[in-house]
Amino acid sequence: MRLGERSYQVLIGPGIRTSLAEVIRRLGAERAAVVSARPREWVPDTGVETLLLPARDGEQSKTLATVEALCDAFVRFGLTRSDVVVSCGGGTTTDVVGLAAALYHRGVDVIHLPTSLLAQVDASVGGKTAVNLPDGKNLVGAYWQPRAVLCDTDYLSTLPPRELLNGLGEIARCHFIGAGDLRGLPLAEQIAASVTRKAGIVEVDERDAGRRHLLNYGHTLGHALELATGFALRHGEAVAVGTVFAGRLAGALGRINQSRVDEHLAVVRHYNLPAALPAEVDPRALVRQMRRDKKAISGLGFVLDGPEGAELVSDVPENVVLAVLDGMPRAPMDALVGALTTGAVRT
């Protein structure tokens, strides 16, 4: 990730976590606060005096209260601005720990050890940190780049099938933002390609002034679905549905042809991800939620495919959005969750 003096490496591969102590040594830190949502034995040696704090992955833990509790623990440990914070867990953990590091003493170094596929391909890279409010996802946050990201692929062997699907949702949307067709590649190569594409975007637009919006492909509806289902649909699963919707909406607006619309569904189905809306969700409630999205500065805004590739499209007519939502396939929520749990998704 080339960001001048804030540049850092994203290392991907088996056993990469064992380089943590060397990374900390190079930073010159004397203490480390490790916040881990994984068992103690998953946390590698830091090489310095260490405070190990438990964490819980899941959207319910992405709150300001969690951030405050972490900062209180940092104070009691005596953590200084010359020390380091380390996250070990999924995307929730990297988000919350990253924000705590950004706020504590107005910023201390942070290193991420993402243990889920979702966190390795997206959440741990790029410097976005945020927590949720009752009215929406990721509404309170900061930009705080890590000093290193260590994506140990050995962690992925411990994941249940549904957690792998969660990460594949982010990989699937990369197909439409310039990463190329990743289908059929080994998983480590898919992770590397996804991270490389994200790095290239963040390097030219670190703070979401323009091009970084591409990374939100499928996310506007995805975030709304997470909230509407009480997070019964996980982030990557909801983004997969949002990706299919984005293709249909781009087609309805005349931005892409039917073949390209169908390609959205084909890619999502290749990864065995959901493509249907939960039958219990009201499309009008989804529209109300999408109006609160961070990109919705003027009316409804979506990142959509088009003749020049994906771009942010503002002021999309509500009646068109509703018509596309009404035309989406539907499936009962319990059937969707059941299929995701067993890996039998086709809807």
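# Exercises on cavities, a pocket and buried elements

The model contains three cavities of 30 Å³ or more; a cavity is a set of points on a 1 Å grid over the protein atoms alone where a 1.4 Å probe fits but cannot get out. This is a predicted model, in which local features need pLDDT of at least 70 and side-chain atom pairs count only at pLDDT 80 or more, while totals for chains, interfaces and linings use all residues. Residues are numbered from 1 along each chain as its sequence is written, and side-chain values use heavy atoms, with hydrogens and water left out.

## Exercise 1: the largest cavity

Determine how much space lies in the largest cavity and which elements line it.

Solution. Step one concerns the volume, defined as the space filled by probe spheres set on the grid points, which are joined across faces, edges and corners. For the largest cavity this is about 100 Å³. Step two turns to the lining, that is, residues with an atom within 4 Å of a point. The lining holds 12 residues, of which Lys137, His223, Gln289, Arg292 and Asp293 are the closest to the centre. Two or more residues come from each of strand 7 (136–143) and helix 7 (219–228). Helices (H or I, at least four residues) and strands (E, at least two) are DSSP runs, numbered from the N terminus. Helix 7 supplies the largest share, four residues. Step three sorts the lining by class: three residues are nonpolar, four polar and five charged. Here Ala, Val, Leu, Ile, Met, Phe, Trp, Tyr, Cys and Pro count as nonpolar, Asp, Glu, Lys and Arg as charged, and the others, Gly among them, as polar.

## Exercise 2: the second largest cavity

Identify the residues closest to the centre of the second largest cavity, and give the classes found in its lining.

Solution. The second largest cavity has about 60 Å³ of space. Among its 13 lining residues, Gly218, Thr220, Ala246, Phe302 and Val303 lie closest to the centre. At least two lining residues come from each of helix 7, helix 8 (235–252) and strand 10 (300–304), and helix 8 gives the most, with four. The classes are eight nonpolar, five polar and no charged residues.

## Exercise 3: the largest pocket

State the volume of the largest pocket and the element with the largest share of its lining.

Solution. A pocket is an open set of points with protein on both sides within 12 Å along at least five of seven lines. The largest pocket has a volume of about 1,000 Å³. It is lined by 47 residues, and the closest to its centre are Glu59, Lys62, Asp95, Lys137 and Asn138. Several elements each supply at least two lining residues, including helix 3 (91–103), strand 6 (128–133), helix 5 and helix 7. The largest share, five residues, belongs to strand 7. By class, the lining has 13 nonpolar, 16 polar and 18 charged residues.

## Exercise 4: strand 2

Find the strands that pair with strand 2 and the direction of the pairing.

Solution. Two strands pair if DSSP finds at least two bridges between them. Strand 2 (residues 31–36) and strand 3 (residues 49–54) run parallel and are joined by six bridges, with Ala32 partnered by Thr50. Strand 4 (residues 84–89) also pairs with strand 2 in the parallel sense, over five bridges, and Val35 has Ser87 as its partner there. Five of the six residues of strand 2 are buried.

Terms used
Buried means under 20% relative accessible area, exposed over 50%, partly exposed in between (1.4 Å probe, protein chains only).
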